[in-house]
Amino acid sequence: GYVGNLTDEQDKKLREAWKQYFSILDKAKGGGKSGGGGGGGGDGEGYSDDPKKSGIANDDKAKDEAKAKEEQKALNELTEQYGQEALKEAFWKFIKLDDPDTCILRFLRARKWDVDRGMAMLAGCMKWRLDNGIEDLALQGDEGNAKIEKFLEQQRSGKTYAFGAAKNECPCCYIHVRKHFTKGQPAESMQKYVAYAMESFRLLLVPPNDKVVLFFDLNKFGLANMDWGCILYIVKCLEAYFPESLHTLVVYKAPWIFSGIWKILGPLLDPTVRSKVVFMSKPEECAHLLPADRLIAELGGDVDFDFTKAWQEPRDGENKVDEEEKKKRQDAFQKVADEYEEVTKKWAEGDSSKELLDKRLILVKKLRVAQFEKEPFTRGRTQLHRDATIDGQGIVTWMYKQKNGEAIRHIVGRKFCAAVIKRELKEIEEEGMSIKDAEKKTDDALEKQDWEKKDDKKGEEAAAGAGAGAAAGAGGAAAAAGSGEASKDEFHDAPVADKKTVAKAESKDHIAVPHDEKADKAANGHPQNGDAAPEANGNGDAVSKQKSNGGASDYGKSGDGAVSEKQCEYDQGSSAATDRHSTRLSHSYSTVDTAKNLVRIAFPSETSQSWGMQRRPYRLSLTSSPLHRLPSSSAGASRLGP
């Protein structure tokens, strides 16, 4: 029931669903616009602190009947309240980086392939997003949402955050329930925060994975932490507004007192959500999902991580953008979306020609690139941006500091990042390569860990003229040539900085880590300016063994005993380079162990005392750090980078 493996019957249902989507647009006649509030109106959505007054039936059949009525009511109200333009805009803003078919299929699977119910469910989701201004929450980011009462306190407390990825590459989200108190914040603020967190965590989803693993940490849980209204709202979001997004909900170290609560809560849950709840009390029980070297020490794992120390306060003006450029990029995205709709209308009516099917696939790639390019203008900054967990171009980088001092860098998203998709589109549209062959070239490059195609001369030329022309917001696209004209042929996995910026970024008084003079001298021969910040967005080669999912991620370890700091500062200076949030591992030197296919990085020992997303100020770094490349399998191998 997913894109790429649909049965003939499921394909038919998907086409019917798209026809209903267009029919809903045609029926829309209201004049309403987005609520602009965000995540819960007034006093919240009205979930009572008394579960007996929740209005939710214990019987699953009765719950399902109530949902059907609620969703049909929402569909009728949606078309009465909002017009075609508002609905279409809300739908495409909801899609974001997803394949549109993936989005529709979520609702069809959630309603067991009943098309009428699935589309009514989607309508209910759209109405919730419009009524509550969910997109405004995303646009405002941490800085803008600070005006909401007790909003930032939810993040500062470390009660909820995302950290790491499971074995199947699903991002892991933690909720430490003991840090939450029912009366600690208004219900409305909590609902806004929950909606915002879920919307933000979507940034961590990398195709083909579209689900998260959620840990409810009940260690030291007490009755004062049991917020019925909040928990029912979370479940409602998972079931109705972000359907089919939960892989597993782990209830971890539940005390005996929770057994009584579960007897009440369990029957209230949607049966699909309930089926994904598992109880665990030891790290060994999580190993099939999350090995110890990715599980935080607080839950018995080996990773030394404290979100309260990792948290970075939002900066004044961090969401400021060029409004003219914002409109330009939004219009560019909508042009692709309109073309996709026109092609999909023909497909939904039964056109299955290869030409049309290929066109839809190409437009999906173009939609993803266009979303990457408008993302820095239409989404406010989060902790994930500030600490450079995400690079804004499809790469997710996790750093696991082990209790023994070792560090593991885990990179997810190479296959579907902007640079790779752009390369595929160029090969398909300009060079006549088939979609299948272009994607196979990507898979081959992933298998060989062959990241970039750029000779030294080209790298030097690109670096020499980059500067402000390094269009980071445009997906690390063409760096400016020496004449100032953008190169149409040279793409990079990350912005290329000019030499002056490199020198400043590497100066002793500019970085926040100790420097090793001897190691710096030894590293002088490594490529720097000519390469595109390999460690900034995870497209470098400090990686080890390839994962079994076709190479979508990398997993690498550092040297023993010390670990680098994760350097980052995000800058929204000019419209030409609007989304520069990158990292720099300020290591002293690296060596390649070809036998084990590892890159081991040695760091100044003092650095191990303050890990990663730390207390000290972060610095701008757009540089290529000294780094040995993993050897390519052959001189003429197909490459992942363009």
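Helix 8 covers residues 187–201 of this predicted model. Helices are DSSP runs of H or I with at least four residues, strands are runs of E with at least two, and both are numbered from the N terminus. At 1.5 Å a residue, the 15 residues of helix 8 should span 21 Å; the expected span is 1.5 Å times one less than the number of residues. The end C-alpha atoms lie 21 Å apart, in agreement. Of the 15 residues, 13 are buried, so helix 8 is largely enclosed by the rest of the structure. Buried means under 20% relative accessible area, with a 1.4 Å probe and protein chains only.

The model is predicted: local features need pLDDT of at least 70, side-chain atom pairs count only at pLDDT 80 or more, and totals for chains, interfaces and linings use all residues. Residues are numbered from 1 along each chain as its sequence is written, and side-chain values use heavy atoms, with hydrogens and water left out.

Helix 8 also contributes to cavity linings. A cavity is a set of points, on a 1 Å grid over the protein atoms alone, where a 1.4 Å probe fits but cannot get out; lining residues have an atom within 4 Å of a point. The search of the whole structure finds 10 cavities of 30 Å³ or more. Strand 2, helix 8, strand 3, helix 9, strand 4 and helix 10 each supply at least two lining residues. The lining has 33 nonpolar, 4 polar and 6 charged residues. Here Ala, Val, Leu, Ile, Met, Phe, Trp, Tyr, Cys and Pro count as nonpolar, Asp, Glu, Lys and Arg as charged, and the others, Gly among them, as polar.

The second largest cavity holds about 260 Å³. Volumes are the space filled by probe spheres set on the grid points, which are joined across faces, edges and corners. Its lining has 22 residues, with A162, F201, F307, Q383 and L384 nearest the centre. Helix 8 gives the largest share, 5 residues.

The whole structure has 26 aromatic pairs. Rings of Phe, Tyr and Trp (its six-membered ring) pair if their centres lie within 6.5 Å, and planes over 60 degrees apart count as edge-to-face. F163 and W398 form an edge-to-face pair, 5.9 Å centre to centre with 75 degrees between the planes. This pair links strand 1 to strand 6, 235 residues apart.

Notes. Buried < 20%, exposed > 50% of the residue type's maximum accessible area, 1.4 Å probe, protein only. 1 Å grid on protein atoms, 1.4 Å probe; cavity = no way out; pocket = protein on both sides within 12 Å on 5 of 7 lines; lining within 4 Å. Phe/Tyr/Trp six-rings, centres within 6.5 Å; stacked < 30°, edge-to-face > 60°.
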